[in-house]
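Subject: Structure handover

Hi,

Here is the structure for your files. My notes are below it.

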Amino acid sequence: MAKGLNEMTLEELWQLFPISLEEHDPCWVQWYREESAVLAALLPGAKISHIGSTAIPGIWAKPTVDILAEVGPEQDMKSVRQRLESGGWVCMAEEENRISFNKGYTENGFDERVFHLHLRHEGDNDEIYFRDYLISHREVAEEYERLKLSLWKKFEHDRDGYTQSKTGFVRKYTEIAKGRGQCNTP
């Protein structure tokens with residue numbers, strides 16, 4: 001009998017869900033729009049934003065749509081978590097005031113549409129600065145794409161290593177963007 005996702009080791013999960021990159025696909029924007037409408041119903045008043053590489057036109061990305069949902073400071077994260085789980089989201093990780101969810105991970109691998117949801121309180125949104133900077137600075141977006149492509153096969157089955165290897169680049173350009181006040185939140 002096959003193991004359920006919650007019974008697998010991290011290494012088994014990384015084998016089942018490897019890092020893969022694809023050329024930018026315009027359908028990712030439509031997937032975001034459709035899922036953000038569902039999220040808006042689950043999280044009235046939340047600010048919902050398309051983040052990550054699928055939000056940056058023209059660069060290769062993991063075919064996973066990243067979404068940031070910012071809720072008000074008065075919102076209890078545990079009750080918000082329950083609402084999201086009732087809406088089909090699976091909690092991946094939880095820290096104080098930050099919860100990560102996914103949708104589209106199955107016991108047989110990725111579903112057709114895959115999403116990561118980053119739940120935060122309002123203002124905890126550095127990803128928006130990074131996204132907007134890359135959109136308005138094509139040469140930096142292309143540099144980021146080259147970095148990701150260089151890491152892809154090395155970290156194909158090590159999501160943490162892949163993410164950690166990009167951290168310095170992301171921090172650098174996020175700080176530059178924040179210093180310039182460059183954020184076009186929807």
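Predicted model: local features only at pLDDT ≥ 70, side-chain atom pairs only at ≥ 80, totals over all residues.

Residues are numbered from 1 along each chain as its sequence is written, and side-chain values use heavy atoms, with hydrogens and water left out.

**Sheet**

Helices (H or I, at least four residues) and strands (E, at least two) are DSSP runs, numbered from the N terminus. Two strands pair if DSSP finds at least two bridges between them. Five strands make an open, mixed sheet, ordered β1-β2-β5-β4-β3. Strands β4 (residues 98–106) and β5 (residues 109–121) run antiparallel, joined by eight bridges. Tyr 105 sits opposite Phe 110 of β5.

Helix α4 (residues 126–136) packs on the sheet and touches β1, β2 (65–71) and β5. Contact here means heavy atoms within 4.5 Å. The direction of α4 makes about 45° with that of β1. Axes are lines fitted to C-alpha atoms, for helices over the stretch in contact; angles run from 0 to 180 degrees between N-to-C directions.

**Helix α3**

Buried means under 20% relative accessible area, exposed over 50%, and partly exposed in between (1.4 Å probe, protein chains only). In α3 (residues 77–86), the buried residues are Met 77, Val 80 and Leu 84. They fall within an arc of 60° seen down the helix axis, so they line one face of α3. The arc is taken over directions from the helix axis to the C-beta atoms. These buried residues pack against α2 (27–42), β2, β4 and β5. Lys 78, Gln 82 and Ser 86 are exposed on the other side of α3. Gly 88 follows the helix, with a positive phi near 95°.

**Salt bridges**

The criterion is a side-chain nitrogen of Lys or Arg within 4 Å of a carboxyl oxygen of Asp or Glu. That gives eleven salt bridges. Among them:

- Arg 131 and Asp 132: closest N and O atoms 2.7 Å apart; both residues are buried.
- Glu 142 and Arg 138: closest N and O atoms 3.3 Å apart. Both lie in helix α5 (residues 138–152), four residues apart, about one turn.
- Asp 124 and Arg 120: 3.7 Å, N to O. Asp 124 is partly exposed at 23% relative accessibility; Arg 120 is buried at 5%.

Shared partners link Arg 98, Arg 120, Asp 124 and Glu 127 into one network of salt bridges.

Best wishes
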